[in-house]
Amino acid sequence: MGFFIETLIGGLMAGMLYSLVALGFVLIYKASGVFNFAQGAMLLFAALAMARFSAWIPEWLGIDSLWLANVIAFFIAGALMYLVAWLIERLVLRPLVNQEGATLLMATLGIAYVLEGLGTSIFGTAIYKIDVGMPKEPVLILEGIFEGGLLINKEDFVAALIAAVLVALLTLFFQKTVTGRALRAVADDHQAAQSIGIPLNHIWVIVWFVAGIVALVAGVIWGSKLGVQFSLATVALRGLPVVILGGLTSIPGAIIGGLIIGVGEKLSEVYLGPMIGGGIEIWFAYQLALVFLLFRPQGLFGEKIIDRV
Amino acid sequence: MKLRKLALAASAAAAICSSLLVAPAALAQAKEQFFPVLVYRTGAYSANGSQWANGYVDYLKLVNARGGINGVKIIFEECETAYATDRGVECYERLKGKNGGATLFQTLSTGATFALTEKAPVDKIPLITAGYGRSESQNGAVFTWNFPLLGTYWVGAEVAIQHIAKKLGGVANLKGKKIALVYHDSPYGKEPIPVLQELGKLHGFEVQLLPVAHPGVEQKATWLQIRQQKPDFVLLWGWGVMNSTALREAQATGYPRDKMMGIWWAGAEPDVKDVAEGAKGYSALTLQHGAEPNSKVVKDMLDLVYAKGQGTGPKDEVGQVLYMRGLISAMLGVEGVRKAQERYGKGKVMTGEQVRWGLENLNLDQKMLDSMGFAGVMRPVQTSCLDHMGSAWVRVHTWNGSKWEFTTPDWYQADEKLLRPMVMLASGKYAEEKKLKPRTPEECKL
């Protein structure tokens, strides 16, 4: 029983991180109707910027404090993500207004290649470290109840906590702020939003910037866990089954979807894996999402689209 | 009209002059040996691939700086594969006929090696897979164009068990033990399985197989299983980010790192550098060499290539594990050409077929290796028509938290009595499947 609970907790904590990655997809889809294939590349770019600036700043400014260097690097990386958002709006989205969804989708693929290439050209291809002081050693709890106790990975726990706080902040931002409401209005109907004076271009910059900040936070967390390297771009793929399952337009969907996928893939790998050869967790997540699609094509929380014929 | 004739005459004269000028250039070009270089400087494995590539091309530059191969200059061209098999095959097709024809290919990918094994005999180009590729390709009678020089994954697996047995105080103590293999779920990662299972039957230990999907960034479930099953040792057959992730997960689940041992592709600086103290005690097999910053060949590299501003990568990476792997891989190819020249003409450009002869008659004795700057780095390599591996020496180095070091001076040699029958069986099956007639010892003499 202890092992089952341990696996469950591990899955929930991994799921929280998947939710964070999935949130990037949802934000952009909600505001601009684009499925953003560049989310992984944005994550890599942001993490590379954070890792490199946190290493360069102590050299440049003679700062000894790691904490201060990290804070400055975070703001510089954030500013870079704003620049990326602005450039994307200017160079990609604005010229493609009123184009087919597939065109915009392909454009995001192009953005992904540009960001991956640019990021590795500017910042390098080696493995870089982000040290934000995350605890690495595990902790055992409830040793009196379960034999051998329950092993909790402190780093995963802190990461899940940060992800949860960010998700909560974003939810508040969407529900309670004027900009957040404007974003939702644009998501519901571009033309209606424009007719009441919401500047579409400005909103797109904001939403891509917010998605960039989400990518930065996810990049810092994953980068601290894995080291910053090209593989981080593939981490975003973990968010795909989450948005399929949770629905592309729902923030709660991204959260619940992430948790279901996280738990589902860990339990499947541990309990089903040994029976069918192992290494199944990645494709199992997609299978799980596809099963949900059979019954709810719009995902768990997605909007049901009814077209008049 | 006159003007037109004048123009025609001038053009003709220019053409003749330029052909006279081009002729020596063409002659000079005929003295160039072309080395295509399949690399991955981008993609999920770029951090590791870049170091290998830097070592490889730097060595080719060093050979040129030393005067070429008996005067024949090396030219090379990189092709980016991103460690994708299809792109590896595409690079092979693109480069095989370039610059007078490819001397040889080093695929740096087991997947690409599987894909190219049938193409190489048709194109008559040798494939060197130093420390990787198909283990059964050691049998040169069947795999006539493959050269898994220095060792195969079967060698690695067998030596890993020898080392564990030594730690336990003898082979008899392996009985009843559990050894988990955490492996990259790819042809590369699956290579050691037959040997481990065979040794498990022989010595009475249990082998637990734990595959990890590419690229290996998610291993929580794998390490939860390790925590539950408590294997006595964990063998790590990973590549790139999979290795550092495995070490981080081991730390997070409290699995002792000194009970973990990696294959040579899981034993370089990028695998452990960021995990630092968290990887302390972790060991890895080496393909003879480890990090060799003090070797003579590295000093020559710094003096003859880097001091002139011609180095490919960062200077501080020269001599690191993967850099050395690339460098030694290039050296083996170059020595294949040099050996071929002994038979087919010194100072001449060799064809792929001639280089194959050179590679299967390699005889790099210690004196020769020492003179080339490899003293203390590697042991002799001697191939034959029937043995395309040439050496089965392995050492084990350990990460001390900041660098790799050889804690024990021991050299291991894989047990050929166990491996040779497996090689013959697997290569025999391959020959049967592909309807190949293995070369006889008489045919080898030709």
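Let me begin inside chain B, where 14 residues of domain 1 are in contact with 16 residues of domain 2. Please keep in mind throughout that this is a predicted model. On the side of domain 1 of chain B that touches domain 2, the elements giving two or more residues are α2, α4 (110–116) and α13 (321–344) of chain B, and the largest share, three residues, comes from α4(B). Sorted by class, that side of domain 1 has seven nonpolar and seven polar residues, and no charged residues. As for the domains themselves, the assignment for chain B gives a domain 1 made of 33–151 + 291–391 + 431–444 and a domain 2 that covers 154–286, and their C-alpha centres lie 28 Å apart.

Before going further, a word on confidence. The model scores ipTM 0.83 and pTM 0.85, and chain B averages a pLDDT of 91, with 93% of the residues scoring at least 70. Which elements of chain B have the lowest and the highest mean pLDDT? The lowest, 50, belongs to helix α1 (residues 2–29) of chain B, while strand β8 (residues 233–237) of chain B has the highest, at 98. Over residues 17–28 of chain B the pLDDT stays under 50, and for that stretch the model has zero contacts beyond four places in sequence.

Let us stay with strand β8(B) for a moment. Five of its five residues are buried, and both of its faces are covered, with B:Phe233, B:Leu235 and B:Trp237 on one side and B:Val234 and B:Leu236 on the other. Strand β6 (residues 178–184) of chain B runs parallel to β8(B) and is joined to it by five bridges, in one of which B:Tyr183 has B:Trp237 as its partner. Strand β9 (residues 260–262) of chain B is also parallel to β8(B), with three bridges between them, and here the bridge partner of B:Val234 is B:Met260.

Elsewhere in chain B there is an open sheet of three strands in the order β3-β4-β5, with parallel pairing. Its edge strands, each pairing on one side only, are β3 (105–106) and β5 (146–147) of chain B. Two bridges join β3(B) to strand β4 (residues 127–128) of chain B, and B:Phe105 has B:Leu127 as its bridge partner there.

Now to the contact between the chains, which takes 34 residues from chain B and 31 residues from chain A. On the chain B side, at least two residues each are supplied by α2 (46–65), β7 (206–212), α9 (220–229) and α10 (241–253) of chain B, and α10(B) gives the most, with seven residues. By class, this side of chain B has 14 nonpolar, 13 polar and seven charged residues.

Finally, the largest nonpolar core has 238 residues, and the members that touch the most others are A:Leu43, A:Ala46, A:Ala47, A:Met50 and A:Val207. Helix α8 (residues 200–226) of chain A provides the largest share of this core, 18 residues. Domain 1 and domain 2 of chain B both give residues to the core as well, which is why it lies between them. To take one member, and leaving aside neighbours within four places in sequence, A:Met50 is in contact with A:Ala73, A:Phe74, A:Ala77, A:Ile130, A:Leu216, A:Gly219, A:Val220 and A:Gly223. As a general point, nonpolar side chains tend to be buried together in soluble globular proteins.

Definitions and conventions. Residues numbered from 1 in each chain as written. Chains lettered and ligands numbered in written order. Predicted model: local features only at pLDDT ≥ 70, side-chain atom pairs only at ≥ 80, totals over all residues. Core = buried A, V, L, I, M, F, W, Y, C linked by C-beta atoms within 7 Å. Buried ≥ 20, exposed ≤ 12 C-beta atoms within 10 Å, placed from the backbone. Helix = DSSP H or I, 4+ residues; strand = E, 2+ residues; numbered from the N terminus. Domains from an automatic or database assignment. Contact = placed C-beta atoms within 7 Å. Nonpolar A, V, L, I, M, F, W, Y, C, P; charged D, E, K, R; others polar. pLDDT = per-residue confidence, 0-100. Pairing = 2+ DSSP bridges.
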